[in-house]
Amino acid sequence: MIRGLKDVIIGMKAGGKRRALIPPEVGYIEESLQPVPEEFGPRRSLLSHAKEPLVFEVQLLKVL
């Protein structure tokens, strides 16, 4: 799990929705982690956004 997402989920109730903005230094830990496309074009496209924050929309469906 990406660091920071766990903090977003804490305190949520079933059916709740939140938007998480994860800084790039937290979301992109190291380049060797998968899945990173092996083909040059998709890989370059993915890595060109490595300095941008990650945006997640989280909806908690059920609490177990």
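Biologist: Is glutamate 57 buried or exposed?

Modeller: Start with the scale: buried means under 20% relative accessible area, exposed over 50%, and partly exposed in between (1.4 Å probe, protein chains only). Glutamate 57 has 62% relative accessibility, so it counts as exposed. Keep in mind that this is a predicted model, where local features need pLDDT of at least 70, side-chain atom pairs count only at pLDDT 80 or more, and totals for chains, interfaces and linings use all residues. Residues are numbered from 1 along each chain as its sequence is written, and side-chain values use heavy atoms, with hydrogens and water left out.

Biologist: Which side chain meets glutamate 57 in a salt bridge?

Modeller: A salt bridge is a side-chain nitrogen of Lys or Arg within 4 Å of a carboxyl oxygen of Asp or Glu. Here the partner is arginine 19, at 2.6 Å from N to O. Arginine 19 sits in strand β1 (residues 17-22) and glutamate 57 in strand β2 (residues 54-59), so the pair ties together parts 38 residues apart in sequence. Arginine 19 is exposed too, at 61% relative accessibility. Searching the whole structure gives 1 salt bridge.

Biologist: How many helices and strands does the protein chain have?

Modeller: Helices (H or I, at least four residues) and strands (E, at least two) are DSSP runs, numbered from the N terminus. This chain has 3 helices and 2 strands. From the N terminus on, their order is α-β-α-α-β.

Biologist: Which residues make up the largest nonpolar core?

Modeller: In soluble globular proteins, nonpolar side chains tend to be buried together. A nonpolar core is a set of buried Ala, Val, Leu, Ile, Met, Phe, Trp, Tyr and Cys residues joined through side-chain atoms within 4.5 Å. The largest one here holds 9 residues: Leu5, Val8, Met12, Ala20, Ile22, Val26, Leu54, Val58 and Leu60. At least two of its residues come from each of α1 (5-9), β1 and β2. Buried residues make up 19% of the 64 residues in the chain.

Biologist: Where is leucine 54?

Modeller: Leucine 54 is in strand β2. It is buried, with a relative accessible area of 16%. Its C-alpha atom is 6.7 Å from that of glycine 27, which is 27 residues away along the chain. Now take lysine 51, in the loop between α3 (40-47) and β2. Lysine 51 is exposed, at 77% relative accessibility. Its C-alpha atom is 9.7 Å from that of glycine 27.

Biologist: What is valine 26 in contact with, leaving aside its neighbours within four places in sequence?

Modeller: Contact means heavy atoms within 4.5 Å. Valine 26 touches Ile2 and Arg3 in that sense. Across the chain, take contacts with a separation of 6 or more: 67% of them join residues 24 or more positions apart.

Biologist: Which elements have the lowest and the highest mean pLDDT?

Modeller: pLDDT is the predictor's confidence in each residue, from 0 to 100. Among the elements, α3 has the lowest mean (75) and β1 the highest (92). The chain's mean is 81, and 84% of its residues reach 70 or more.
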